[in-house]
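Open the model in your viewer and follow the stops below in order, selecting what each one names before you read on.

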Amino acid sequence: MKQSRKKIAGVIVVLLLSVCFYVGGKQFFKHQKSIDEVKHIKIGVSIYDEYDTYIAELMQEVSSLAKKKEMEEKIAITVDVQSAGGSQITQNDQIESFVDKNYNVVCVGLVDRTDASGVIDKAKSADIPIIFFNRELVNEDLERWDKIYYVGADAVQSGVMQGEIILEACKKNFESIDKNKDGILQYVIIEGEPGHQDALVRTEYSVKTVVNAGYTLQKLGNEIANWNKAQAITKMTSLLEKYGEEIEVVISNNDEMALGALEAIKNSNIESYPLVVGVDGVQGGLESVKKKEMIGTVYNDYRGQAKAIVEMAFALSLQQDFPEELNLIENKSIYLPYQKITYDNVQEYIRMLN
Ligand code: GAL
């Protein structure tokens, strides 16, 4: 009896020691590279389209933060930004060329957010971590490898905030917004790309927020303008031809399309302008809020997103842990909060973002 107890105790000790060695070994072999070892960090970025104003502002910020980081850390950082021109096949090829060039990290704004597999397979085969941004990949893809990350924002929040901006305006001045005095808000929606998380969700939650607060809304029409100002001008012009003065509110999934809608309104012969609300807080959007043409916008924190992308890319290149202040969910994703911008606080944003 005593003998077998001793044997069992021996086996347990051996097992415990093996576990300790395994865990310790893993820690030991997670080798953090020193700056001297790496010398030059190369980050490949592929964006879905170069004509997207918001993405252009985000990319400018990524490049300027990388320059700053280069000076602070005294290590060369190259950020190679390529546009996929709206083609997933081109984007996959770009990732392949980043892999061939031995880049440390790739950052990807997917063309088709439901088709991440080409990008993932290529980067994974070379063990190069991927930071996806802005165009949220589906959860199964995010879970496919432990070196896949996502930087973005919570689309629901942006829709709710758009709704709140409309609500605040209604509380102050419903009489003049409700042009035909029927007690109902007649609205049109200008939508971003079909299938994009921000388009679907902003459309739903902006309207829901106003309805849940007790107002009655009537949708006159909706048009897709793919985040693009020129397309929004055309689409809004046709909505104005159909509904003209009946339109009391224009909800746009982003600022560029809101600005396009405004241009169409200015070119039309309607006398009393509807409320126009956007999302992003791009330079043009801020100017328009300042001029009281747009009633408000929702700041899509491109500064915070750019910072997260650069800090994460830097840490991954040196195989370091992410800085704690980034506060990643399950060490994988980060959603920067949106912020409401109206005439009352627009100057702060103009100052901050210039
Ligand atoms: C959204 C942004 C749009 C457009 C889109 C591209 O978050 O509001 O303006 O840039 O991303 O994916």
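Begin by selecting R202, where an N or O atom of the side chain is 2.9 Å from an oxygen atom of the ligand, and where a polar contact means a pair of N or O atoms within 3.5 Å. Residues are numbered from 1 along each chain as its sequence is written. This is a predicted model, in which local features need pLDDT of at least 70 and side-chain atom pairs count only at pLDDT 80 or more, while totals for chains, interfaces and linings use all residues, and side-chain values use heavy atoms, with hydrogens and water left out.

Next select R135, which places a polar side-chain atom 2.9 Å from a ligand oxygen atom, and then D280, where the distance from a side-chain N or O atom to an oxygen atom of the ligand is 2.6 Å. Taken on its own, the ligand has 310 Å² of accessible area, and the protein covers 99% of this (by the Shrake-Rupley method with a 1.4 Å probe).

Definitions and conventions. Polar contact = N/O pair within 3.5 Å; in protein donor to acceptor, adjacent residues only side chain to side chain.
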